[in-house]
Amino acid sequence: SSLRLRLVLENNGMEKDAESIYKLVKGLAEYEKEPDAVQCRPSDYQLDGSGPHPLFYCLLLEDTTIATTNNNACGMAFKRV
């Protein structure tokens with residue numbers, strides 16, 4: 001498997017990445033048996049993680065062996081600003 005770590009930036013496709021972030025957060029909540037704990041939507045991540053003063057930065061870990069144009073994110077890390 002080949003992995004890469006990528007910083008999510010507004011001009012680097014935050015709209016597409018917001019969906020990946022949401023799926024990873026939702027997946028973790030389901031794993032922890034707390035599916036209702038996730039109150040954010042992809043649009044919330046897009047809004048709060050972009051603009052001139054984002055509330056957070058996000059690193060996405062991507063599996064580059066998955067041949068897809070959609071979601072190959074398999075991990076992430078947040079940093080509050």
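Reader: Why is F78 called partly exposed in this predicted model?

Author: The relative accessibility of F78 is 41%. Partly exposed covers values between the buried limit of under 20% and the exposed limit of over 50%, so F78 counts as partly exposed.

Reader: What makes F56 and F78 an edge-to-face pair?

Author: Their ring centres are 5.1 Å apart, and a pair requires centres within 6.5 Å. The planes stand at 75°, and over 60 degrees counts as edge-to-face. Therefore the pair is edge-to-face. F56 belongs to strand β2 and F78 to strand β3 (residues 73-80), so the pair ties together parts 22 residues apart in sequence.

Reader: How do you know that F56 is buried?

Author: F56 has 10% relative accessibility. Buried means under 20%, so F56 counts as buried.

Reader: The structure holds three aromatic pairs. Why is the pair of Y45 and F56 called edge-to-face?

Author: The centres of these two rings lie 6.4 Å apart, with the planes at 85°. The limits are within 6.5 Å for the centres and over 60 degrees for the planes, so the pair of Y45 and F56 is edge-to-face. Y45 sits in helix α2 (residues 42-48) and F56 in strand β2 (residues 56-63), so this pair links parts eleven residues apart in sequence. Y45, F56 and F78 form one aromatic cluster.

Reader: What makes R6 buried or exposed?

Author: R6, in strand β1 (residues 3-8), has a relative accessible area of 14%. The limit for buried is under 20%, so R6 is buried. Its side chain makes a polar contact with the side chain of E62, at 2.7 Å.

Terms used
Residues numbered from 1 in each chain as written. Predicted model: local features only at pLDDT ≥ 70, side-chain atom pairs only at ≥ 80, totals over all residues. Heavy atoms only, no water. Helix = DSSP H or I, 4+ residues; strand = E, 2+ residues; numbered from the N terminus. Buried < 20%, exposed > 50% of the residue type's maximum accessible area, 1.4 Å probe, protein only. Polar contact = N/O pair within 3.5 Å; in protein donor to acceptor, adjacent residues only side chain to side chain. Phe/Tyr/Trp six-rings, centres within 6.5 Å; stacked < 30°, edge-to-face > 60°.
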